[in-house]
Amino acid sequence: MKKIFGIILLAVIALTLIGCSALDPLAQFERIAAQEITNVQGFNDIKDADTNDDEIEALNSSSVLIVSLSSTSLDLTNQDKIDYIKSLFELIRETHLENVALAESTKLLWDELKTNVQVFRDEDRELLPDDKDTLITYREDIRARRAEVRDTFGDIKELFEELRGNYKIENLDMITENLEEVLDILELRHEYIIYLSQVIIDVDLMITAYNS
């Protein structure tokens with residue numbers, strides 16, 4: 001009987017601790033931030049083959065003299081369009097590499113924050129109400145921003161797959177549109193990683209202020 005009572009008591013204590021954790025703004029922030037650190041680490045879905053512009057280089061220059069209308073209603077030669085497509089490829093490469101590096105540096109900031117949070121907990125410190133409100137606001141902001149980013153998951157792969165085998169003069173407008181969309185997605189990710197990084201820095205400053 002005592003053994004059963006002890007098991008029930010332990011279960012009640014465990015549930016109480018879980019309930020307290022669920023109501024703890026710092027714990028809630030940690031959970032969502034950890035998820036997003038994992039997500040941004042996955043922003044490496046662009047392969048070298050995707051930005052290999054050999055097919056663009058191989059476009060026949062004899063077709064360059066043809067003049068066509070662009071989506072912006074400006075008269076551009078095909079050479080103008082090819083040059084613009086090459087610049088898009090370069091921007092895509094650069095932005096992607098920046099995102100990968102940013103994600104890695106943000107992971108390091110997160111590791112440092114986790115260490116400081118552990119010190120905070122070990123010393124049984126309590127957050128002030130204003131700081132709790134700040135963490136709740138950050139959590140909700142992250143939720144809102146990540147929804148927009150997640151809506152684009154898989155889009156880059158589809159856009160590049162659509163272009164495979166279609167790098168031809170007659171498809172220059174389609175190539176341009178797809179690459180512009182890829183770049184837009186990468187820039188959205190870039191802004192999100194920077195935001196997430198700044199939030200982690202701010203929270204780390206908040207926590208270390210209690211530890212000092």
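The following dialogue concerns the predicted model shown above.

Visitor: On what basis are residues numbered and features counted?
Guide: Residues are numbered from 1 along each chain as its sequence is written, and side-chain values use heavy atoms, with hydrogens and water left out. Because this is a predicted model, local features need pLDDT of at least 70 and side-chain atom pairs count only at pLDDT 80 or more, while totals for chains, interfaces and linings use all residues.

Visitor: In what order do the elements of the chain run from the N terminus?
Guide: Helices (H or I, at least four residues) and strands (E, at least two) are DSSP runs, numbered from the N terminus. The chain has 7 helices and 2 strands. Their order is α-α-α-β-β-α-α-α-α.

Visitor: What percentage of the residues of the chain count as buried?
Guide: A residue is buried under 20% relative accessible area, exposed over 50%, and partly exposed in between (1.4 Å probe, protein chains only). The chain has 212 residues, and the buried share is 37%.

Visitor: Among contacts in the chain between residues at least 6 apart in sequence, what percentage join residues at least 24 apart?
Guide: A contact means heavy atoms within 4.5 Å. Among contacts between residues at least 6 apart in sequence, the share joining residues at least 24 apart is 81%.

Visitor: How many salt bridges does the chain hold?
Guide: A salt bridge is a side-chain nitrogen of Lys or Arg within 4 Å of a carboxyl oxygen of Asp or Glu. By this rule, the count is 12.

Visitor: Does E126 count as buried or exposed, and why?
Guide: The side chains of E126 and K132 meet in a salt bridge, 2.8 Å from N to O. K132 has 26% relative accessibility and therefore counts as partly exposed. E126 stands at 55%, so E126 counts as exposed.

Visitor: In which helix do E140 and R143 both lie?
Guide: E140 and R143 form a salt bridge, with the closest N and O atoms 3.3 Å apart. E140 counts as partly exposed at 33% relative accessibility, and R143 counts as partly exposed at 41%. The two are 3 residues apart, about one turn of the helix, and that helix, residues 129–150, is α5.
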